[in-house]
Amino acid sequence: MILVLVFNLMALVVLIHENPIAFTLFMFAGQPLFVLALVLLVGALAAELRARRIF
Amino acid sequence: MILAAGAAAGELSVPLPHGWIGTTSQWMTGFGIGLVVLNLILLLFAWYRVRGADQGPSVWGWLLVAVGLVPLMVGFVTFTHGLESSATVSSCSSCHTMTPFVRDLKDVKSDTLAATHFKNRYIRENQCYSCHSDYGLGGTIQAKLAGLGHVWRYTTGRYTLPIKIAAPYPNSRCLGCHGESQRFLNSPTKKDMLPDLMSGKTSCLDCHAPAHPEQKKETRR
C-alpha cells in the first residue's frame with residue numbers, strides 16, 4: 001500500500017505541475033513501484049488461496 | 001506599430017464558443033486528480049480493513065480495488081496527460097537552457113522563423129514540438145526518446161553551451177505543412193526550386209534563417 005501511495009503522489013505531481021523531470025520520474029520510478037505493488041498483492045493473494053486450499 | 005497591435009491584443013480577449021466548458025485536457029487533468037484522491041481514500045479504507053479483525057474475502061476485494069484497479073486507471077490517465085503535456089511550449093521552457101529560445105519565440109518584435117510562426121499562429125499549439133519532431137508514429141517515438149536524452153543530460157549537467165541541434169534540420173518538417181499548400185506550390189520564387197526542396201538538396205533554412213536567435217558564446221553550464 002505504501003508503494004501505491006508513493007505512486008499516487010508522483011502521479012499527483014505530474015497532474016498538477018507537469019514538467020519533463022516529474023514525468024520521467026513517474027515513468028521510470030512511479031510505474032515500476034505500482035507493478036511491484038501489484039505483483040506483491042497477487043503473490044499474497046495466491047498464498048492466501050493456497051493456505052485455504054482453494055487454489 | 002507592432003507594439004500598438006500587441007497592446008491592443010493584450011486588452012482584448014478572444015471570445016470563447018457558446019457553452020464553453022473547458023478543454024479535454026483540462027477535464028482529463030481534473031479526472032486524474034479525482035482518481036488520485038479516490039485512490040488515497042480507498043487505500044486508507046483498505047488499510048483500516050486489513051488491520052481490523054475482519055480478514056474475510058471482502059478485504060482482498062478492497063485491496064484489489066485500491067492497489068490494483070484504481071491505480072491502473074491513475075497510471076493510464078497520468079501517462080497520457082504527461083505525454084501530451086510534454087509537447088507543450090511551457091514544458092520545453094521548464095529547462096533554463098531553452099529560456100532564450102522561448103523568450104524570442106514569444107517576442108512579437110522578433111523576425112526569426114520560430115517567432116514568425118508563433119506570433120502569427122501558423123502553428124496553433126505545441127510549437128516547439130511541432131517543428132522539432134517528425135511526422136507520424138515514428139517521429140513521435142523518436143522525439144520522446146530524444147526528450148529522455150535531453151532530461152538525462154539536463155539533470156546530470158552533461159551538456160555544453162551554446163547548445164546545438166543534434167542533426168541538420170530536415171526539409172520534411174517544413175514540407176509536412178507547407179508542401180501541399182497551393183500558395184507554396186505556386187509561388188513564383190519557389191517553382192524552380194521545388195525539386196531541390198523536396199529532395200532536400202536545398203535547405204529551407206538556406207533562405208529562411210535564422211530559425212532562432214544567435215546564442216551567446218559561453219561554455220559554462
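Visitor: Which helices do the buried residues of α3(B) pack against?

Guide: First, the term: a residue is buried if 20 or more other C-beta atoms, placed from the backbone, lie within 10 Å of its own, exposed if 12 or fewer, and partly exposed in between. Contact asks for C-beta atoms, placed from the backbone, within 7 Å. Here the buried residues of α3(B) pack against α1 and α2 of chain A, together with α2 (24–51) and α4 of chain B. This is a predicted model, where local features need pLDDT of at least 70 and side-chain atom pairs pLDDT 80 or more, while totals for chains, interfaces and linings use all residues. Residues are numbered from 1 along each chain as its sequence is written, with chains lettered from A and ligands numbered from 1 in the order in which they are written.

Visitor: Which residues of α3(B) are buried?

Guide: Leu63(B), Ala66(B), Val67(B), Val70(B), Pro71(B), Val74(B), Gly75(B), Val77(B), Thr78(B), His81(B), Gly82(B) and Ser85(B). Leu69(B) also sits in helix α3 of chain B. Leu69(B) has 12 other C-beta atoms within 10 Å, so it is exposed. Its C-alpha lies 9.4 Å from that of Asn39(B), 30 residues away in sequence.

Visitor: Where is the kink in α3(B) centred?

Guide: The bend at a residue is the angle between axes fitted to the seven residues ending there and the seven starting there. In α3(B) a kink of about 35° is centred on Val65(B).

Visitor: What are the span and kink of α2(A)?

Guide: α2(A) has 32 residues and reaches 46 Å, close to the 46 Å expected. A kink of about 35° is centred on Phe26(A). Phe26(A) is among the buried residues of α2(A), which also include Pro20(A), Phe23(A), Thr24(A), Gly30(A) and Phe34(A). The buried residues of this helix pack against α1 of chain A, and against α3 (57–85), α4 (89–92) and α8 of chain B. After α2(A) comes Arg53(A), with a positive phi near 60°.

Visitor: How many residues of each chain are in contact across the interface?

Guide: 23 residues of chain A contact 27 residues of chain B. On the chain A side, α1 (2–16) and α2 (20–51) each supply at least two residues. α2(A) gives the most, with eleven. By class, that side has 18 nonpolar residues (Ala, Val, Leu, Ile, Met, Phe, Trp, Tyr, Cys, Pro), one charged (Asp, Glu, Lys, Arg) and four polar (the others, Gly among them).

Visitor: At what angle do α2(A) and α8 of chain B pack?

Guide: Axes are lines fitted to C-alpha atoms, for helices over the stretch in contact, and angles run from 0 to 180 degrees between N-to-C directions. α2(A) and α8(B), residues 136–156, pack at about 110°, with axes 10 Å apart. They are therefore roughly perpendicular, the class for 65 to 115 degrees. Pro20(A), Ile21(A) and Thr24(A) meet Gly147(B), Leu148(B), Val151(B) and Thr155(B).

Visitor: Is Phe118(B) buried or exposed?

Guide: Phe118(B) is in helix α6 (residues 113–119) of chain B. It is buried, because 21 other C-beta atoms lie within 10 Å. Leaving out residues up to four places away in sequence, Phe118(B) touches Leu105(B), Lys106(B) and Gln127(B).

Conventions:
Two residues are in contact if their C-beta atoms, placed from the backbone, lie within 7 Å. Helices (H or I, at least four residues) and strands (E, at least two) are DSSP runs, numbered from the N terminus. Angles under 35 degrees count as roughly parallel, over 145 as roughly antiparallel, 65 to 115 as roughly perpendicular and the rest as oblique. The expected span of a helix is 1.5 Å times one less than its number of residues.
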